[in-house]
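Dear colleague,

I am passing on to you the structure shown below.

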Amino acid sequence: MEIRKKIIAFFWAFLFLTVLLQLSTSEGIPFITALLYTLSVLATLWLYFHYASRPALKRFIAQRRTALRVLLLLLACTALTLALAGQGYALVKLTMPAASARVVLNDSLPSFFGLLILSGFVSCLQYLFDKYKESLRQEKQIDVLKRKALEMELNLLRNQLSPHFTFNVLNNLHFLIHKDKNEALYLLSTYSKILRYYVYESRKKAIAFSQEVAFLHEYFNLQIKQRPAELEITFDATEPDEGFCIAPFILATFVENAFKHVQPNTASEYYVRQTHSLTPHGTMTFEISNTFSEAREADEYSGVGLKHVRETLALAYPYSHQLHLQQQNGLFAVKLELTLKKC
């Protein structure tokens with residue numbers, strides 16, 4: 001906005017100096033006449049800009065055919081030229097001696113064509129300026145709509161758990177209730193904490209980083225209880241700093257994706273490994289990797305979750321994140337560097 005104001009101010013200053021120098025250096029025209037006429041020209045052009053930008057007039061012109069638009073533009077240029085020429089005639093008559101005024105007016109034909117060119121230039125400039133403002137307005141509206149659509153999609157994503165994940169928990173609960181009630185109670189308690197995160201914490205725009213870490217820890221604990229013993233699950237994290245916040249559901253998406261796709265690879269490796277750290281300055285480094293079966297389609301890893309987390313990062317951390325995804329030799333790895341802000 002400030003840049004646009006500076007450009008407009010520069011345009012008017014440039015136009016003022018150009019017209020004033022042109023008139024004041026013309027033979028026979030006193031400086032006071034040149035100054036008054038310059039001010040009159042600028043005032044007329046400002047009024048032209050002001051009324052030509054009226055929404056009703058722009059809608060009227062937009063509804064006309066191209067040929068009629070060109071005709072209306074020519075009429076506007078002619079009317080503006082006549083108005084400027086009439087002002088010049090009146091000022092010359094009022095501010096100059098009769099003999100000198102007669103000489104200036106006798107040579108006014110080239111000036112009339114100069115005013116016509118100026119009017120055409122100003123009219124084209126006005127049209128381009130209006131188009132530029134309209135494009136900015138449309139871009140802003142599109143950006144707002146994209147943000148709203150993304151927020152709606154993220155809310156839907158946040159409020160849903162994987163049905164496969166939920167069924168596994170319920171099946172394990174059913175089995176543990178008859179085998180080990182204490183283990184069943186622990187599993188139920190852990191699952192309730194995860195549900196609480198989905199229902200409440202993930203709705204916020206930002207939560208304490210320690211809450212995100214606590215959620216991930218509970219999620220890993222639940223996966224350790226449910227997954228087969230041959231799956232190696234590693235969770236390594238530094239003690240989180242209470243003073244920093246993070247947008248919820250960013251790290252959780254990568255974790256869910258890893259457990260969703262983990263499979264033994266051709267090298268007989270079968271693991272999910274996650275580590276993250278946070279510096280005193282708020283620089284967080286998050287890494288997670290999982291093995292997968294190379295027989296699967298490669299595009300299985302470009303699902304809705306990863307798409308949304310990319311968009312969330314672009315909106316919430318536009319210049320303060322780096323995301324690297326690598327998929328090769330039966331290993332899918334994520335590295336995210338994020339600059340967090342104080343809560």
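In strand β5, the bridge partner of Leu278 is Met284. Please bear in mind that this is a predicted model.

That pair belongs to the contact between β4 and β5 (residues 283-291), two antiparallel strands joined by seven bridges. The two form a hairpin with four residues between them, and Gly282 in its turn has a positive phi of about 95 degrees. Strand β4 (residues 271-278) also runs parallel to β2 (residues 232-237), to which six bridges join it; here Thr234 stands opposite Arg273.

Strand β5 is in turn joined to β7 by nine bridges, and these strands run antiparallel. Asn290 stands opposite Phe332 of β7 in this pairing. Strand β6 (residues 321-328) is likewise antiparallel to β7, with eight bridges, and Gln327 stands opposite Phe332.

Strand β7 (residues 331-339) has a covered face made up of Phe332, Val334, Leu336 and Leu338, while Leu331, Ala333, Lys335, Glu337 and Thr339 form the uncovered one.

Turning to helix α9 (residues 209-226), 13 of its 18 residues are buried, so the helix is largely enclosed by the rest of the structure. At 1.5 Å a residue α9 should span 26 Å, which agrees with the 26 Å between its end C-alpha atoms.

With kind regards

Notes
Residues numbered from 1 in each chain as written. Predicted model: local features only at pLDDT ≥ 70, side-chain atom pairs only at ≥ 80, totals over all residues. Heavy atoms only, no water. Expected span 1.5 Å × (residues − 1). Buried < 20%, exposed > 50% of the residue type's maximum accessible area, 1.4 Å probe, protein only. Pairing = 2+ DSSP bridges.
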